[in-house]
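Let's take a walk through this protein together, one piece at a time. Have the sequence and the 3D view ready.

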Amino acid sequence: MNRFLSRRSFILIPLMSILKFIFTPKEVYASSASSAEDYNLTKEEWKNKLSPESYYILREEGTERAFSSDLNNEKRKGIFYCAGCNQALFSSETKFDSGTGWPSFWDHIKGSVETKIDFKLIVPRTEYHCSRCGGHQGHVFNDGPMPTGKRYCNNGLALKFVPE
Ligand SMILES: [Zn+2]
């Protein structure tokens, strides 16, 4: 009896792991084949990769001065990419003039950003970052225009714009 059981598990266990491997869905990322692991860099590696200003925003959750980014006035059609890893974050179709002095969007490209709550200004704010490299982009508020009512208030230094 014991012999029979162990023989059966000997066959079943490898078979189950093969099936699990086949049926586990692969995670889908917003733009290219690079994965989050490719951007698991050290502080030094990020410093070499980014300008000091972008490093401060993306890796230290800094905020640029209002009205300091040219992207605030960018009105052409195109895509706004993460300055850290080139993942597509926003389309010009969701950009609007919020009057705040930071590039603002009412929606992001699906799957491209993740949020967390920060308490830097005591009042909780929802911080969001690139889902691929984890780079800080800005804060999202609930006073944006329809159809979402969201306002993604983004640092221009954390973005790269490519016109259509
Ligand atoms: Zn990124």
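## Strand 1 and its partners

Strand 1 and strand 9 are antiparallel and are joined by five bridges. A strand here is a DSSP run of E with at least two residues, a helix is a run of H or I with at least four, and both are numbered from the N terminus. Two strands count as paired if DSSP finds at least two bridges between them.

Five residues lie between strand 1 and strand 2 in their hairpin, and Asn 86 in the turn has a positive phi of about 70°.

## The whole chain

Before going on, a word about where this comes from. This is a predicted model, in which local features need pLDDT of at least 70 and side-chain atom pairs count only at pLDDT 80 or more, while totals for chains, interfaces and linings use all residues. Residues are numbered from 1 along each chain as its sequence is written.

The protein has three helices and nine strands, and along the sequence they follow the pattern α-α-α-β-β-β-β-β-β-β-β-β. How much of the protein is buried? Of its 164 residues, 28% are. Buried means that 20 or more other C-beta atoms lie within 10 Å of a residue's own; 12 or fewer makes it exposed, anything in between is partly exposed, and C-beta atoms are placed from the backbone.

Now for contacts, meaning residues whose C-beta atoms, placed from the backbone, lie within 7 Å. Of those between residues at least 6 apart in sequence, 58% join residues at least 24 apart.

## The nonpolar core

A nonpolar core is a set of buried Ala, Val, Leu, Ile, Met, Phe, Trp, Tyr and Cys residues joined through C-beta atoms within 7 Å. The largest one has 23 residues, and those touching the most other members include Leu 58, Cys 82, Ala 83 and Cys 130. Helix 3, strand 1, strand 2, strand 6 (125–130) and strand 8 are the elements that give two or more residues to this core.

Zoom in on Ala 83: leaving out residues up to four places away in sequence, its contacts include Ser 54, Leu 58 and Leu 159.

Which residues are joined by a cis peptide bond? They are Met 146 and Pro 147, with omega at about 10°. You'll find Pro 147 in the loop between strand 7 (136–141) and strand 8 (151–154).

Glu 61 isn't a glycine, yet its phi is positive, about 55°. It lies in the loop between helix 3 (52–60) and strand 1, and is partly exposed, with 17 other C-beta atoms within 10 Å. Phe 67 also has a positive phi, near 65°. The loop between helix 3 and strand 1 holds Phe 67, which is exposed, with 11 other C-beta atoms within 10 Å.

Terms used:
Two residues are in contact if their C-beta atoms, placed from the backbone, lie within 7 Å.
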